[in-house]
Structure formats: C-alpha cells, structure tokens
Amino acid sequence: MKHIPRTLGGLACAGALGLALGGCGKQAGEQAGNEVAADAAQASYVAPGEKDDYYLFYSGGHSGQVYVAGIPSMRHISTIPVFAPYPGTGYGFDEESKAMLGDFTWGDVHHPALSQTGSKYDGRWLFVNDNANNRVARVDLRDFKTKQILGPIPNASGSHASSFVTENTEYLFVSTRFSTPLPKGRVADLEKYADEFNGMVTAVEVDPESGEMKVGFQILMPPFDFDLASTGKGPSSGYVFFTSYNTEMAHDTLEVNASQADRDLGAIINWKAAAQAVRDGKATEMEGVPVLDPAKVPGIVHLIGIAKSPHGMDVDPSGKWVVAGGKLQPTTTVINVEKLLGAIEGEDYEGDFRGIPIVSHDSVVEGEVPVGLGPLHTQYDGRGNAYTSLFIDSAVAKWKLPPWTDEEKADLSKVVVDKITVHYSIGHLVVAGSDTNAPYGKWLVAMNKLSKGRHISVGPSQPESSQLIDISGEKMKMVAEAYTEPEPHFAQILKVDEIKPIEVYPKAENTNPNAVWDLADGKVEREGNHVTAKIVAVRSRFGPDKVEARVGDTVTLHVTNIEQTPDMIHGFGINDHNINIVVDPGETKSVEFVAQKPGIYPFYCTNFCSALHQEMQGYLVIREAGETQAPVQ
Ligand code: K7E
Ligand code: CUA
C-alpha cells in the first residue's frame, strides 16, 4: 500500500467530511477535527490499483462462512464458503464439497485460528469451528478453499470454545458450550443436570504434513458450560485455558440462574499430560473416542475461580499471563502463569470439584484490573499492552500487563491507560498477530455486535459494522469503519507477504483421473445406465457441448478447466437442475445426478470469461427411458 499525498486532507475537508463537520478551517477546533479525519482517511486509504497490507479473516457466524477483508482498507475481498453452500464458487454443488457438507446446509462459525509453528503463523491453514453442529473445518491458505470438515464430533454439543491451535498445531482444542447426558442420545431428567450432564473437551489431532484432522482424545468435564479458550506458549507451553459461565450448573433461566456466583470456575488443562495419559491406557472408550476422566487421572485438569461469568480467556504473547474477561464484573482476572504452575506443583488448592482440584485463587491471580463494564475478550500488541473489549461500555480499554509498580498494585485503575469508544456493543476484537509470540501490533479491529444505524437504512435488519483502530501510538486512533457480513465473532489477521496463494493449478498437480486436457479427448460414454461425460472448458466452449442421457440414467459430469491463465474461471450451470459448478484454471470438478425428465436442457458458462462468454453453452438431452438414441459422441 502506498500513502497518498497529504493534500487529501484538503480534499476531505472540502468534501463530505468538511460538510459533516460544519465547514472547513474557520475555527481552530474545526480545523483540528478536520485534520484528525484527514489523517484517519489517509491511514486507511488504499488507492485504486494499490493493495492492502494484511488479510483479515473473520468468522461469519451463522452464515456458516469465513470472510476476507483487506487491512487497512477494510474492503471485503473474498468469501470462503465453509459450512454452507455458496453458488458464487459452486461450493456445495460439486460432489467433493457436497460430501464435505453432508446433510448440513449451515454452520455457526465463531473462532478462526491460523496454523502456527513455534507460536508464529506459518501461513498454511485456517481452522474454524461450527458451534451449531459440533464440527471444525480446515481452509487451505494455498487456494483459500475448505479442504476438510471434521464432525459432528462425538460426545459433544456446541463446539464453541474452538478452534484454538497449540504452538505447533499439534492439536486444535474444541470444547462444548452445552452439556448433555453422555453418551449422546441418552435422555436424562433436566432436574438432574448437575449429576447427569457433562461437557467435553476434544483434542483434534492435526497431521503435520497434510493438515488432515482427526479426533484425538477427549476429556470429560463438569457441566459448567465452557465458553472460550486459549492455548499456552513459552512458560505456559503445553497448557490450554478455558472459561466457563455456569459453575452454578443451572439448566433453566440461565440469564438469572447462571449468574449467581461471584466467581465461576475456569479450567486449566495440561494437554501434554493428557495425551500421555491416553498413551498410557488411562482413557475409557466412548463412541470410539478415548475419553479421560480428570477425577480419575490426576494432574490433567485444574480449576480456578475467575471473575463472574467470564467470557474470553487469552494468553499473552510471552505466555506468562492469562487474562479472563469478567463479563458481569467490570474487571479482568490476570493469572500469573509462574505462580499457577507453582501452585499446581505444590498442590496449593482451595478445594476441589468432584475430585478436580481448585487452585488457590489468591496465590495465582496477579490482580483484577478494573477495565470497565462488560469485559469480554483481550488481545495484545507485544509491547506489554493489553486491549479488552467492553461490551456494555461499547469501548476498548488499553491497559498495561504486569509487572506493575507498587503504586499501580495499590490501585489497578492506574494501569488502564486509554479507552476508545466503539459503535456499538463490541464483542470480539482482534489485534494483528495477538495470539502469536510476536504480534504485528499495528492494527486492532473492533467487531461490533450492534450497529444501531451506523449505515444507511436497509430495513429492520441493520448491517453489521466493524472498526479499524490504529494502536501503534500511545493513544488508540479510530481510523475506519466498514460493513462486515453477519454475524462476525472472532478474526485473525495475517500479513499479506506471509503467504503466496497459487493462481493457477499446475496441470502436473491435477491428479484427477477424469481430467481431460484436450478438446479432442472430451467425450461422453455409456456403461449400462450410467452416462459419464468428460468435458473440457476453455475459452469459449465446452467440449463436448452435447450430453445425451435417458430418464433413469445416472449422469456423471467431470468438467476440466484447461486454462493456465490466472483468473480465467469457467462455470457450468444446467437449466432446471440445480446444478452449478465453478472450475478454476487447471481444476477438475464433478457432479452426479439422475436424469429425471425428458427434455432439452441448455447448460452454460456462469463466469464471464471472454467476449464470447455468452456463446459458451451446450445441451443436455434427456430422452424417454426406453427411447433408443444415436450413440453419444
Ligand atoms: Cu465472544 Cu462466540 Cu467468541 Cu462471539 S463469542 S463475541
Ligand atoms: Cu467460460 Cu464464460
């Protein structure tokens, strides 16, 4: 991205911004306001032809998708379909993606996680969860496509605290927001919630080469409703931390009944010890998964009291501090990892819950920082500062991590150094690289829950909004605001030059046995009542462009886009058949259907590809079942 000359300030001043501020340069105050606006405009301006510095991958909530925006422009640049069909890229229509989606047509994506090596982004994959159907998915950053959906994960309901990757992407941690009787399918009286229901933490194992995910093992948890998680690094290496919001174990009117206790219990899991316990044969099988019971396998789970109904739990870049957001208490709880590990080692406990030790709160909590109302999530800039989203205050608080001076310790409000208002009711926030050991630290994106009229009106469903904040200076600076697709939760930011997405699938890498590379090789073949067509797509024709079948035939189409030119995409849509596949250069996609009704059904290219794009078409001919036909080409 290149910076534009400072004269834009003058432009902005004379234009819309000038009007909004009531004129230009007449009074010093106005002048200053205009300068601020001009600076902000310049900071996020990416001129036509220029490109952004960072990718913002944000979760699309119950749209089931992941969206990509550029930073600093905040322009939406791509949609990565994950848990829901997306006709734009043909996702959910071809056989491969249909098989990945299974019977589901939606998911609820909350937390994307970039793969890491040595606690740094390695630019390989993006993992996301589906809170609704207990699944996780892997997106390949080579081509920004979903390559695997794992799940529904057995013995789990509501994979909310997910996906969180360990330091070298050994595992993704996935935990349940909801508790149910287990194994699933068993029905128990809701009144017996506390005794009969359980939550589950799942360790999803990731193959270091292929990224292939599989359920590794599980840990049976009390029915506390585990909400969010964060994995350790440095001194907290090998641990993963969870919050829970229902230590009360309420099963109805949670709004009131799960908000009684002043402290809820978070969980600290020693995943390396857990993995070892599984190898040592200490797990019991449930639905084919090795499940550890922490009451019977000491040392793998510890509990800790944290501020009322906490939400986020975030490990800082050094791995020395873990911060939980109080949600219903205006403080963040700062856990000192060194003291925590000491307390675990020395069995400094204040009790236990059904055999799971509760670590002494006062021995390990460094302090509770009064950040403001409704603290949810915390992010870090790698310079010793933490940024906490304040849902109720509609603000972001910037505060200093320990070590604190004695004066600060005596009055922790002194460590809160800045606050900025956001619009409105912020949920997550993301600082570039916060969950690595070396954050980029320049930008913060506030993902607001309620936009309350921040955009021009489009009816009762008001467009969502996110805001870009510059955190490079002492004071946070609001720079830009943008529409975000519903319903944003968390996001990850990756520097553009840390990946190099491919533009054309090299022909040599296409191992699809049904690929055809020459128009002369395109053909339609019949074997019994199975018709197979291998079709070449190239500017600006399909070869062959006629497919003949009879009612009752199974028809399989394999379409290969033989272009080796970037951005030369061809689509393949058939009239009246709900068939829409999109094939990238060098790619082969397949679709199968049963011919149902006689007729002539035109098919055509759906992606504009040349001046003769409109001519890129053909016919599917379906004859009556018994009708003889000319042998197909
Ligand atoms: Cu806070 Cu599902 Cu991460 Cu949304 S959760 S805010
Ligand atoms: Cu190919 Cu349009």
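Which residue forms a salt bridge with arginine 135? The partner is aspartate 130, and the closest N and O atoms are 2.9 Å apart. By salt bridge I mean a side-chain nitrogen of Lys or Arg within 4 Å of a carboxyl oxygen of Asp or Glu. Arginine 135 and aspartate 130 are both buried. Buried stands for under 20% relative accessible area, exposed for over 50%, and partly exposed for what lies in between, with a 1.4 Å probe and protein chains only.

Before I go on, some housekeeping. This is a predicted model, where local features need pLDDT of at least 70 and side-chain atom pairs count only at pLDDT 80 or more, while totals for chains, interfaces and linings use all residues. Residues are numbered from 1 along each chain as its sequence is written, chains are lettered from A and ligands numbered from 1 in the order in which they are written, and side-chain values use heavy atoms, with hydrogens and water left out.

Back to the charges. Side chains of opposite charge can pair when their charged atoms come close. Over the whole structure the search finds 27 salt bridges. One of them joins glutamate 408 to lysine 400, with 2.6 Å between the closest N and O atoms. Glutamate 408 counts as buried because its relative accessibility is 9%. Lysine 400, at 29% relative accessible area, is partly exposed. Elsewhere, shared partners link Asp140, Asp143 and Lys147 into one salt-bridge network. Aspartate 143 has a relative accessible area of 13%, so it is buried. Lysine 147 has 34%, so it is partly exposed.

Next, the domains. The assignment for this chain gives domain 1 (6-39), domain 2 (54-498) and domain 3 (507-623); such bounds come from an automatic or database domain assignment. The centres of domain 2 and domain 3, taken over C-alpha atoms, are 43 Å apart.

How many residues of domain 2 are in contact with domain 3? There are 10, and they meet 11 residues of domain 3, where contact means heavy atoms within 4.5 Å. About 810 Å² is buried between domain 2 and domain 3, with carbon and sulfur atoms giving 42% of that. Buried area here is the accessible area (1.4 Å probe) that two parts lose on being put together, summed over both.

The count of salt bridges between domain 2 and domain 3 is 3. The side of domain 2 that touches domain 3 has 2 nonpolar, 3 polar and 5 charged residues. For those classes, Ala, Val, Leu, Ile, Met, Phe, Trp, Tyr, Cys and Pro are nonpolar, Asp, Glu, Lys and Arg are charged, and the others, Gly among them, are polar. Glutamate 509 and arginine 142 form a salt bridge through their side chains, at 2.9 Å from N to O.

Now the backbone. Most residues other than glycine have a negative phi, and most peptide bonds are trans. So here are some exceptions to look at. The bond from histidine 423 to tyrosine 424 is cis, with omega near -15 degrees. Tyrosine 424 sits in the loop between β28 (416-421) and β29 (426-431). Strands (E, at least two residues) and helices (H or I, at least four) are DSSP runs, numbered from the N terminus. The bond from glycine 543 to proline 544 is also cis, with omega near 0 degrees, and proline 544 is in the loop between β36 (541-543) and β37 (546-550).

Last, asparagine 336, in strand β21 (residues 332-336). Asparagine 336 is buried, at 9% relative accessibility. Its side chain reaches the backbone nitrogen of glutamate 338 at 3.0 Å. Leaving aside neighbours within four places in sequence, asparagine 336 is in contact with Lys320, Trp321, Val364 and Glu366.

That is where I will stop.

Definitions and conventions. A polar contact is a pair of N or O atoms within 3.5 Å; within protein, one must be able to donate a hydrogen and the other to accept it, and residues adjacent in sequence count only if both atoms are side-chain atoms.
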